[in-house]
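Hi,

Here is the structure I said I would pass on to you.

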Amino acid sequence: MTEQEKMEQARITFTTLCQFLEKNDWHFKKNVEKLVVECGAQGDDLPMELTIRVDAERSLVMLLSRLPFAIQEDKRLDVAVAVTAINNAIVDGSFDYDVVSGNMFFRMTNSIIESRLSEEVFAYMIYASCQMVDEYNDRFLMLAKGMLTLEQFLSKIGK
């Protein structure tokens with residue numbers, strides 16, 4: 001596929017994403033030039049920020065949700081173990097954790113190689129990601145603040 005074809009496919013994908021968000025009354029900011037959408041949702045406890053980028057060069061759609069806190073140094077090893085356990089248990093997406101900075105993201109991707117993503121795919125990506133972040137963001141925060149031990153955190157995975 002030529003670079004021009006990849007870019008055209010990325011633009012079509014971006015348009016479909018924006019149509020889905022508009023039809024479902026999401027408030028969002030879009031950067032048409034960079035093919036990036038920023039939006040958010042309020043979970044049961046913490047707000048969730050979402051950045052969705054259509055990457056023409058790699059033929060990917062990538063959703064990132066940055067958790068709104070950084071992990072302090074004395075809890076980073078515990079959080080690394082917790083992230084590994086959760087990523088092993090979840091079906092789609094993953095938590096990305098930078099043990100040096102203490103920053104954490106949830107990431108979900110979809111390929112657009114020789115395919116067109118439907119609005120239903122974007123619904124799945126967004127709602128599944130929000131559900132996963134909402135389920136675990138407060139637990140990560142409690143672990144990071146010492147309100148949960150690693151053992152308590154691990155015992156609640158999947159519950």
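Let's begin with a term: two strands pair if DSSP finds at least two bridges between them. Helices (H or I, at least four residues) and strands (E, at least two) are themselves DSSP runs, numbered from the N terminus. With that in hand, look at strand E3 (residues 47-55) and strand E4 (residues 60-66): they run antiparallel and are joined by 5 bridges. Across from Asp-55 you will find Leu-60 in E4.

Before you go further, two notes on how to read this. It is a predicted model, where local features need pLDDT of at least 70 and side-chain atom pairs count only at pLDDT 80 or more, while totals for chains, interfaces and linings use all residues. Residues are numbered from 1 along each chain as its sequence is written, and side-chain values use heavy atoms, leaving out hydrogens and water.

The overall picture

The chain has 4 helices and 6 strands. Read from the N terminus, the elements go α-β-β-β-β-α-β-β-α-α. The C-alpha trace spans about 50 × 30 × 25 Å along its principal axes. There are 159 residues, and 42% of them count as buried (under 20% relative accessible area; exposed is over 50%, partly exposed is in between, with a 1.4 Å probe and protein chains only).

The sheet

In what order do the strands of the open sheet come? There are 6 of them, arranged E1-E2-E3-E4-E6-E5, with antiparallel pairing. Strand E1 (28-31) and E5 are at the edges with a single partner strand each, so one side of each has no neighbour in the sheet. From one strand to the next, the twist averages 25 degrees.

E1 and E2 pair antiparallel over 4 bridges, and Lys-30 has Val-37 in E2 as its bridge partner. These two strands make a hairpin with 4 residues between them, and Leu-35 in the turn has a positive phi of about 60 degrees.

Helix H1

H1 lies across E1, strand E2 (36-42), E3 and E4, and runs at about 165 degrees to E1. For such angles, axes are lines fitted to C-alpha atoms (for helices over the stretch in contact), and the angle runs from 0 to 180 degrees between N-to-C directions. The expected span here is 1.5 Å times one less than the number of residues.

Is Thr-13 buried or exposed? Thr-13 is buried, because its relative accessible area is 3%. Leaving aside residues up to four places away in sequence, Thr-13 touches Val-54, Val-61, Ile-112, Leu-117 and Phe-122 (contact means heavy atoms within 4.5 Å). Taken together, the buried residues of H1 pack against E1, E2, E3, E4 and H3. After H1 comes Asp-25, with a positive phi near 55 degrees.

Helix H2

Helix H2 (residues 76-89) has 14 residues and reaches 20 Å from its first C-alpha to its last, close to the 20 Å expected at 1.5 Å a residue. Which residues of H2 are buried? They are Arg-76, Val-79, Ala-82, Val-83 and Ile-86. Looking down the axis of H2, these buried residues fall within an arc of 115 degrees, so they line one face of the helix. That arc is taken from the directions from the helix axis to the C-beta atoms. On the other side of H2, Leu-77, Thr-84 and Asn-88 are exposed. The buried residues of H2 pack against strand E5 (94-98), strand E6 (103-111), H3 and helix H4 (150-155).

The core

A nonpolar core is a set of buried Ala, Val, Leu, Ile, Met, Phe, Trp, Tyr and Cys residues joined through side-chain atoms within 4.5 Å. The largest one has 49 residues, of which Phe-95, Met-104, Ile-126 and Phe-140 touch the most other members. Helix H3 (residues 119-144) gives the most to this core, with 12 residues.

Phe-140 is in helix H3 and counts as buried, at 0% relative accessibility. Among the residues it touches, not counting those up to four places away in sequence, are Phe-69, Phe-95, Met-104 and Phe-153. Phe-140 and Phe-69 are 71 residues apart in sequence, with their C-alpha atoms 9.5 Å apart in space.

Cheers
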